[in-house]
Amino acid sequence: MRARRTILAAVCLLAGALLTAPSPATASPTLLSLGKPVTSSGLNPELANDADATNGGGYFDSVLLGGKNAWWQVDLQGVYSLSSVVNRNYVDGSRYYHYYVRGSLDAVNWSAPIAWKFDDTPAADPGETILVTGVARYVRVNIVADSANASAHLTDFEVYGTPITQAVTPDVAVSAVHTDAAAYGNGSTPQLSYTLTNTTAAAVTVDHVYAIVWGLTDPAYREFTEAESGVTMAAGTTHGHTGALWAVGAAMPAGAYGVFLRTVLSDGSSWENYQTFFRVPATGELHVFGIALDQYNTFPVYTMDGGLSAEYNVLKSVQELSQSAGPSWTTSAPGSGPNPVRATPGFLDAAIDATISSLDTALGSTRTFDTVAFAPGVQSAPYLTRAMQAPVLPLHFLVSFDSVYELKTVLDTANASGYSAYTTLGFDGSITPGVAWIKLLALPTQYRDFLDRHNTQTVVMMGSSGSSGGENTARQVVWSGSAGTGFHQGDMYAIYPGGGSADDISLLNSHIPDFSDLPLESGTRTIQDWESGLVPEQVTAFNTAIAADVPAVTTRATFTAGSYYAVDNLGIYLAVAYYKKNETALAVGGQVIRGVALNPYLVAHPFYESAEGELPVLFFQGESAKTIVEGRILNAAQTAVNAYFTGVDLTTLPVHVNTSKNFGGFANAGIAAKLTEYGFTGYTLGDNTIDEAWNPADGYAALGEQAVLGLDAVRTQGQWTTWNNGLTPLTISDLQTIATHYAEAQVTVLP
């Protein structure tokens, strides 16, 4: 089937070649690439355009970055109408290569493939001569497979064409490009809309507008069709068009498909650029996170599918504020992370709407919340929800993508729709393929309306404010050619979770096949942790908007710490301060703190823990057992307890290690050894054979299930609500007191 698609696309390309021949038509193509400047992902790139196609004469050699991609690029040092390319790879009689070739006018914006080979025909000395069309100064070869090993070998590459005079910037600008849906099933016919604008001072004729659909997930798929022809436009005028692309058939595998538009003017000048994308979804594919309702006796049990830490905070808001408990999310497979939320152009709008809908549906659309929190993916945020009775509205949302093209469209669509946003992109071990946080830089209308409807008086913004610690090594994507400072609408930052190690480079390229296409700043920088960071631009914009547009909110403050490690410890202080403020109501047998809940990353049951008198201690699964036990419990937690209570020795209390198969169960042995070493008298390890998930078929053995059953064994959900209503939430003043006890905490009341 793959070969059939390639043949169909090649026929379309040949038809395009006849329609887009350069002017004058009699120009003879010449060899353009010989000896021209080259760059690449590997070694000896100059040996691939030296007119020596023999193996013995040397060749360009590169590992396949991330096992998926290597590239070689030539600067033709002028703009040319291309007619053909000749590609020759290393020959040993049996090995074959898969590759595609693209063109660009600026080495930043690339066309869809103009030539390619995805069949398994062995490389031969003559190579492949492929007729092409397009106008370019730069030509790039991407090699995506070598049957012999995970490397790329290019012995010679030739580009033929004729000179053409045209600007890098199109005379006819293309804008407002979109399809009529985000995703299409088999048999659907996508409708494509766009607007052309004549930016010159004279009339122009657009001979052809071609739409090229290229598989961003599967680069072997390419379709080429003419959208319209013969469009004459007066100076400064616009022209709109809507029309069918083609029917989506069974030959289109699930994945993302980029839409490129090529405009060809009557003088032969031509521009082609990526514009948008759509999806052909796989069965069960998610395009936004969702929260669903189940029931156990009188208790509502809310479960989440998709999302990660920021969306998890929405789920925990729903669970805590409905006086219940539950798991973290639906797993993608046993022992795995959540199901990925695949990118669509309108992702950010859908994610914000899903947040508001989930909170309003579960908690009531007009219920009063004296306090509302804004936070990124801070795993201690559920304890702010518990202590201040404050739902969390995320400052960013996680999206999965196969290609940076998708991410660019998500960001462009968000900003065009009135959201000011930027993004950090990278990889996460629990979710495939690439992931990115789409980060808000201004208050969305939906959030403003939420504050209004819920009669909110206090707003707290929570996160890590420093740029040390965490996953914060970054390189800015410099679409404009120069790096900037701070965070602005449309910015992209590539994150190196391992600090820029060789493993980082490999993993980024394995998760994001076109990562090497990104124009990155030359060096790295440190920014706020990409998951828990709160940046000054967000604080300023949200504070200004709320002060101007939500007069009922009288207090606005930030509650931060310098690193993700310290922000996690804020959960301890929030719980201790809340327990102290409600000491009489929470004491059992005269004792408020009766145990320790040692919670791995993104496991928390704050309502249940407060009912049980458990002090939450949060940790990240990558931390050493020494850091977890000595640093988190004996240092941070014991210090916090000493600031509010006397005579509480945590080593004498039972420790519940809340690990599971999908949440840190691998660390059980090390944690157990350290607890014993440091003199803890009793601990219970989580069951690392089952997932932390809502699955009644497993006998309600998971952590979240046990929490619900534990609540049910004592009171009905209504009785717990009555009990909860008798407790007093923390205030901004209480947060300020926390900051006097914990040097890493900062509370700033905003003007």
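Reader: Which residues in H2 meet which residues in H3?
Author: On the H2 side they are Val314, Ser317, Val318 and Leu321, and on the H3 side Thr355, Ser358, Leu359, Ala362 and Leu363. Contact here means heavy atoms within 4.5 Å. This is a predicted model, in which local features need pLDDT of at least 70 and side-chain atom pairs count only at pLDDT 80 or more, while totals for chains, interfaces and linings use all residues. Residues are numbered from 1 along each chain as its sequence is written, and side-chain values use heavy atoms, with hydrogens and water left out.

Reader: What's the reach of H3 from its first C-alpha to its last?
Author: H3 covers residues 347-363, 17 residues in total, and reaches 24 Å, close to the 24 Å expected at 1.5 Å a residue. That expected span is 1.5 Å times one less than the number of residues. By the way, helices (H or I, at least four residues) and strands (E, at least two) are DSSP runs, numbered from the N terminus.

Reader: Which residues of H3 are buried?
Author: Among them are Phe347, Leu348, Ala351, Ile352 and Thr355, and also Leu359 and Leu363. Buried means under 20% relative accessible area, exposed over 50%, partly exposed in between (1.4 Å probe, protein chains only). H3 is followed by Gly364, with a positive phi near 105°.

Reader: Which residues other than glycine have a positive phi?
Author: Ala51 is one of them, with phi near 70°, and Asn455 is another, near 50°. Most residues other than glycine have a negative phi, and most peptide bonds are trans.

Reader: Where is Ala51 found, and is it buried or exposed?
Author: Ala51 is in the loop between S2 (38-40) and S3 (60-63). Its relative accessibility is 57%, so Ala51 counts as exposed. Asn455 is in the loop between H6 (445-453) and S24 (458-464), and at 40% it counts as partly exposed.

Reader: Where's a cis peptide bond?
Author: One joins Thr432 and Pro433, with omega about -10°. Pro433 is in S23 (residues 431-440).

Reader: Switching to sheets: what is the strand order in the open sheet of 4 strands?
Author: The order is S30-S29-S31-S32, with parallel pairing. S30 (614-619) and S32 (683-685) stand at the edges with a single partner strand each, so one side of each is left without a neighbour in the sheet. The twist averages 20° from one strand to the next. Two strands pair if DSSP finds at least two bridges between them; S29 (residues 595-600) and S31 (residues 655-657) pair over 3 bridges, and Ala597 has His656 in S31 as its bridge partner.

Reader: Which strands does H12 touch?
Author: H12 (residues 625-644) packs on the sheet, touching S29 and S30, and its direction makes about 140° with that of S30. H13 (residues 668-677) lies across S29, S30, S31 and S32, running at about 175° to S32.

Reader: Last one: how many residues of S18 are buried?
Author: S18 (residues 299-305) is mostly covered, with 6 of its 7 residues buried. S17 (residues 290-296) and S18 pair in the antiparallel sense over 7 bridges, and Asp294 has Val301 in S18 as its bridge partner. In their hairpin, with 2 residues between the strands, Asn297 takes a positive phi near 50°.

Conventions. Axes fitted to C-alpha atoms, helices over the stretch in contact; angles between N-to-C directions.
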